[in-house]
Amino acid sequence: MTSAGLIASLATTTWLDTTPTGATLGCLLLVPQPPRSFYATPAVIEQRMRAVAKALRLGPATTPPPDIGPRLRQITPTEVALRFDGTLYCKRIPTGRPWSLLLGQGTPVALVLGLAPLSRSATPAEIDAYLDRATLHQCLLFGHTRTE
């Protein structure tokens, strides 16, 4: 079961991208935070993130991303909630207004979960480098979602 503390600890970032066919796609990245204790080893962090991936029904990058059903709910014009299986808790995610507007119009969202930590204060260049590294090491899990 995914705990409230684990859900709250996840760092998120959103951006808009374009599919190979030219359609707009919302992207949402979920990552763990860098460890704060001696007990949060890389193996423990990865195990926790795999539990999160299971609660979202995400798949590996080696297969087409699964449709994980509608999981996003608009809370405010610049905030959405992400729903997980097996828990009543949701993750509140700040978004840009354009991202939220497109979500409200039915734009699909690619949900990307990283198994390795990344700081909440990561710059766009650091996020790109993280995604490149995680892709190379097959440490990303994926799914497609939309609004409920």
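Residues are termed buried under 20% relative accessible area, exposed over 50% and partly exposed in between (1.4 Å probe, protein chains only). Helices (H or I, at least four residues) and strands (E, at least two) are DSSP runs, numbered from the N terminus. The model is predicted, with pLDDT of at least 70 required for local features and 80 or more for side-chain atom pairs, whereas totals for chains, interfaces and linings use all residues. Residues are numbered from 1 along each chain as its sequence is written, and side-chain values use heavy atoms, with hydrogens and water left out.

Strand β7 is largely enclosed by the rest of the structure, because 6 of its 6 residues are buried. Val109, Leu111 and Leu113 point one way from β7, and Ala110, Val112 and Gly114 point the other way. Strands are taken to pair if DSSP finds at least two bridges between them. β2 and β7 run parallel and are joined by 5 bridges, with leucine 30 opposite leucine 113 of β7. The pairing of β7 with β8 is antiparallel and comprises 6 bridges; threonine 145 in β8 is the bridge partner of valine 109.

Helix α4 buries Ile127, Tyr130, Leu131 and Ala134. These residues lie on the same side of α4, because they cover an arc of only 100° around the axis, the arc being that of the directions from the helix axis to the C-beta atoms. The cover over the buried residues of α4 includes β1 (11-18), β2 (24-31), β7 (109-114) and β8 (140-147). The face turned away from the buried side of α4 carries the exposed residues Ala125, Asp132 and Leu136. Arginine 133, also located in α4 (residues 124-136), counts as partly exposed at 45% relative accessibility.

How values were computed: Contact = heavy atoms within 4.5 Å.
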